[in-house]
Amino acid sequence: MNDIFLRACARQPVPRTPVWYMRQAGRYQKEYRAIRERHGILEICRSPELTAEVTRLPVERLGVDAAILFSDIMVPLVALGADVRIEEGVGPVVGEPPDPSRLGPLEPDRDVGYVLEAVSMLVRELDVPLIGFAGAPFTMASYLIEGGPSRSFVRTKQVMLEDPGRWDELMGWLTQVALASLRAQVLAGAHAVQLFDSWAGALGPDDYALHVLQYSRRIFEGLADLGVPRIHFGVGTGGLLELMRDAGADVIGLDWRVPLDAAWDRLGAGVAVQGNLDPAALLGPWEGVEEKTLRILTQAEGRMGHVFNLGHGVLPETDPDALRRLTDLVHERTGVGEEAPT
Ligand code: CP3
């Protein structure tokens with residue numbers, strides 16, 4: 001197996017910088033859109049065969065060094081009976097807010113067996129590592145409390161600040177769901193895991209430290225014995241990087257709002273970093289993509305543990321050929337025997 005992604009996560013020497021893309025299986029691919037014409041998103045997520053097919057679609061096409069399981073962060077909550085729909089172009093939409101004591105803990109074999117089956121199938125077939133994932137408690141809580149996507153997260157913050165008992169019950173429940181789901185994915189064969197706290201950047205550092213960090217830390221600590229790389233990602237988290245590191249991940253995902261070198265200086269040499277090209281760069285001319293990418297590679301130079309990625313998911317408007325060219329650029333410029341990026 002091509003394991004350069006795993007070696008970079010462990011901050012070991014690699015022959016070239018590994019590349020994968022968040023949302024590398026998604027709407028920018030015509031093959032994916034063709035499958036979606038016949039199947040709903042949740043239908044794909046509940047079918048191990050379709051999940052495996054969609055997960056594999058971008059791997060050879062883009063030349064990436066890792067695959068990420070195709071699913072959604074809300075799938076385990078749907079499986080537990082939460083009133084959640086997933087709407088294309090919108091995101092998760094929640095009706096009645098779920099009652100944690102009624103829905104109970106996630107039992108992965110009972111509740112999301114199809115996900116675990118997809119993982120087992122994929123690890124047999126792929127020649128790159130498979131990344132499993134879960135939504136972090138804060139990000140899942142925000143959908144449940146807001147009822148859908150939000151800009152300001154006012155209601156979420158209101159519960160967090162005003163009703164500590166309800167907040168702890170909800171966050172504790174979501175912590176169990178994420179940890180059980182990630183452990184089961186690893187036991188089914190996933191080689192690494194990423195915890196998506198996509199919307200944690202809505203919080204200031206004091207609130208993150210007081211109301212969120214402890215739950216995400218429980219997840220990373222609960223995975224430690226499995227020995228797989230643990231990635232922690234959020235958007236707009238430039239003010240939270242040290243705290244997110246303290247939650248215990250091995251790799252910190254960066255978005256494009258922070259310069260990779262300054263962020264890594266703050267995080268210290270004890271963690272690997274993943275990122276951080278603006279996904280929108282790919283909508284502009286190639287020269288701009290190249291310039292931004294070479295800057296990122298220069299910023300990472302001389303340190304072990306860089307995983308190249310976008311700062312967030314691939315946008316639906318992206319040309320797959322540009323993504324392929326990007327993978328090749330990173331590989332060529334960081335490959336042994338190649339000139340160092342200038
Ligand atoms: O192009 C696609 O992504 C199509 C499939 C799709 C997924 N989720 C798969 C997914 C769609 C349309 C959704 C709905 C959804 N759920 C959205 C997007 C709304 C839209 O149409 O633009 C969002 C934001 C959610 C909630 C969600 N799901 C979050 C916050 C995350 C974490 C990653 C992130 O984008 O911040 C997910 C994970 C997710 N949903 C993945 C996939 C394939 C896995 C992560 C990955 O592939 O990188």
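Q: In which sense do strands β8 and β9 pair, and over how many bridges?
A: This is a predicted model. Strand β8 covers residues 272–277, and β9 covers residues 306–310. The two pair in the parallel sense, and the count of bridges is five.

Q: Which residue of β9 is the bridge partner of G275?
A: β8 spans residues 272–277 and pairs with β9. In β9, the bridge partner of G275 is F308.

Q: What is the form of the peptide bond from G275 to N276, cis or trans?
A: N276 has its place in strand β8. Omega for the bond from G275 to N276 is near -5 degrees. The peptide bond is cis.

Q: Which strands are at the edges of the open sheet?
A: Seven strands form the sheet, in the order β1-β4-β5-β6-β7-β8-β9. The pairing is parallel. An edge strand here pairs on one side only. The edge strands are β1 (67–68) and β9 (306–310).

Q: Which residue in β5 does F133 stand opposite?
A: Strand β4 (residues 130–135) pairs with β5 in the parallel sense. Five bridges join β4 and β5. F133 stands opposite Q194.

Q: Which residue in β6 is the bridge partner of V193?
A: β5 also pairs with strand β6 (residues 230–233). That pairing is parallel and runs over four bridges. In β6, the partner of V193 is R230.

Q: How many residues of strand β5 are buried?
A: In a regular strand the side chains alternate between the two faces of the sheet. On one side of β5, A192, Q194 and F196 are buried. On the other, V193 and L195 are buried too, and both faces are covered. Of the five residues in β5, the number buried is five.

Q: Is the packing of helices α4 and α8 oblique or perpendicular?
A: Helix α4 (residues 48–62) packs against helix α8 (residues 113–125) with the axes 8 Å apart. The angle is about 45 degrees. Roughly parallel needs an angle under 35 degrees, and roughly perpendicular needs 65 to 115. The two helices are therefore oblique.

Q: What is the handedness of the crossing of α4 and α8, and which residues of α8 make the contact?
A: The crossing is right-handed. From α4, the contact is made by P48, E49, T51, A52, T55 and R56. From α8, the contact residues are Y114, E117, A118, M121, L122 and E125.

Q: How many residues in the contact of α4 with α8 are nonpolar?
A: The contact draws on both helices, with A52 of α4 and L122 of α8 among the residues involved. Two of the contact residues are polar and four are charged. The number of nonpolar residues is six.

Q: Why does T55 count as buried?
A: T55 lies in helix α4. Leaving aside neighbours within four places in sequence, T55 is in contact with A67, I68, L69, F70, L122 and L130. Buried means under 20% relative accessible area. T55 is buried because its relative accessible area is 0%.

Q: Is D65 buried or exposed?
A: D65 has its place in the loop between α4 and β1. Not counting residues up to four places away in sequence, D65 touches N2, I4, F5, R16, T17, P18, V19, V128, P129 and H331. The relative accessibility of D65 is 1%, so D65 counts as buried.

Q: What separates the C-alpha atoms of D65 and I145?
A: I145 is one of the buried residues of α9. D65 and I145 are 80 residues apart along the chain. Their C-alpha atoms are separated by 36 Å.

Q: Which residue follows helix α9, with a positive phi?
A: Helix α9 (residues 137–146) is mostly covered, with ten of its ten residues buried. The residue after α9 has a phi near 85 degrees. That residue is G147.

Q: Is R11 buried or partly exposed?
A: R11 lies in the loop between α1 (4–9) and α2 (30–38). R11 is not a glycine, yet its phi is positive, about 60 degrees. With a relative accessible area of 32%, R11 is partly exposed.

Q: Is R23 buried or exposed?
A: R23 has its place in the loop between α1 and α2. Its phi is positive, about 55 degrees, although R23 is not a glycine. Exposed means over 50% relative accessible area. R23 is at 51%, so R23 counts as exposed.

Note on methods
Residues numbered from 1 in each chain as written. Predicted model: local features only at pLDDT ≥ 70, side-chain atom pairs only at ≥ 80, totals over all residues. Heavy atoms only, no water. Axes fitted to C-alpha atoms, helices over the stretch in contact; angles between N-to-C directions. Parallel < 35°, antiparallel > 145°, perpendicular 65-115°, else oblique. Left-handed = near helix turned anticlockwise from the far one by under 90°. Contact = heavy atoms within 4.5 Å. Nonpolar A, V, L, I, M, F, W, Y, C, P; charged D, E, K, R; others polar. Buried < 20%, exposed > 50% of the residue type's maximum accessible area, 1.4 Å probe, protein only. Pairing = 2+ DSSP bridges.
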